[in-house]
Amino acid sequence: MKKSLNYSLSYAILAMVCGVYYREFTKFMGFDGVTMLSKAHPHFFILGAFLFLIIALFSQSLDLEKEKTFRVFMRLYNIGLPLTVLMMILRGTLEVLGAPISKGLSASISGIAGIGHILTGVGFVLLLLSLKKADKKN
């Protein structure tokens, strides 16, 4: 449970940093449009902070840490989510700067974000399987 609460706190801090960066960077640059930067903040809050708070609640009654699928979930998810959000921040920053994004760079950013989404998705499925297994043992 303690590890989940620590992850939740870390993701909440990252979410707040992303929110401040989005607000201040777009204001400083005089940017008024829609940008991918606006999506980094809620991704870290909902998929990071809130999810790990819910996991902490489940950990009170289930022994999730003993499940191998849960340990794999922790690794995959905590690589995939930051990777995805990092690519959102990169793309959003380039959008705000008005930098020309070549097809190659755009494809690279999309590809890396896609890998992050895959890791996050597989991790989430492993979390659900872990919850099922831990519940059967109770």
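**View 1. Seven rings linked into one cluster.** Tyr 7, Tyr 11, Phe 44, Phe 52, Phe 70, Phe 73 and Tyr 77 are linked by ring pairs into a cluster. Here, rings of Phe, Tyr and Trp (its six-membered ring) pair if their centres lie within 6.5 Å; planes under 30 degrees apart count as stacked, over 60 as edge-to-face and the rest as tilted. Before we go on, please note that this is a predicted model, in which local features need pLDDT of at least 70 and side-chain atom pairs count only at pLDDT 80 or more, while totals for chains, interfaces and linings use all residues. Residues are numbered from 1 along each chain as its sequence is written, and side-chain values use heavy atoms, with hydrogens and water left out.

**View 2. The whole protein, for orientation.** The protein has 4 helices and 0 strands, in the pattern α-α-α-α along the sequence. Helices (H or I, at least four residues) and strands (E, at least two) are DSSP runs, numbered from the N terminus. The C-alpha trace spans about 55 × 30 × 15 Å along its principal axes. Of the 138 residues, 36% are buried; buried means under 20% relative accessible area, exposed over 50%, and partly exposed in between (1.4 Å probe, protein chains only). Contact means heavy atoms within 4.5 Å. Among contacts between residues at least 6 apart in sequence, 82% join residues at least 24 apart.

**View 3. Two aromatic pairs, each within a helix.** The count of aromatic pairs in the protein comes to 9. Tyr 21 and Phe 25 are a stacked pair, because their ring centres are 5.1 Å apart and their planes are at 10 degrees. Both residues lie in helix H1 (residues 2-29), 4 residues apart, about one turn of the helix. Tyr 21 is partly exposed at 31% relative accessibility, whereas Phe 25 is buried at 15%. Phe 73 and Tyr 77 form a tilted pair, 5.2 Å centre to centre with 40 degrees between the planes. These two are also 4 residues apart, in helix H3, so about one helical turn separates them. Phe 73 is buried at 0% relative accessibility, and Tyr 77 is buried at 1%.

**View 4. Asn 78 and its surroundings.** Asn 78 lies in helix H3 and counts as buried because its relative accessibility is 15%. Leaving aside neighbours within four places in sequence, Asn 78 is in contact with Tyr 7, Tyr 11, Phe 52 and Phe 73. Its side chain reaches the backbone oxygen of Met 74 at 2.8 Å. Although Asn 78 and Thr 120 are 42 residues apart along the chain, their C-alpha atoms are separated by 7.8 Å.

**View 5. Helices H3 and H4 side by side.** H3 and helix H4 (residues 103-137) pack with their axes 7 Å apart, at an angle of about 150 degrees. Axes are lines fitted to C-alpha atoms, for helices over the stretch in contact, and angles run from 0 to 180 degrees between N-to-C directions. The two helices are therefore roughly antiparallel; angles under 35 degrees count as roughly parallel, over 145 as roughly antiparallel, 65 to 115 as roughly perpendicular and the rest as oblique.

**View 6. Glu 67 in a loop.** Glu 67 sits in the loop between helix H2 (37-61) and helix H3 (68-97). At 5% relative accessibility, Glu 67 is buried. Beyond its neighbours within four places in sequence, Glu 67 is in contact with Ser 130, Lys 133, Ala 134 and Lys 137.

Methods. A polar contact is a pair of N or O atoms within 3.5 Å; within protein, one must be able to donate a hydrogen and the other to accept it, and residues adjacent in sequence count only if both atoms are side-chain atoms.
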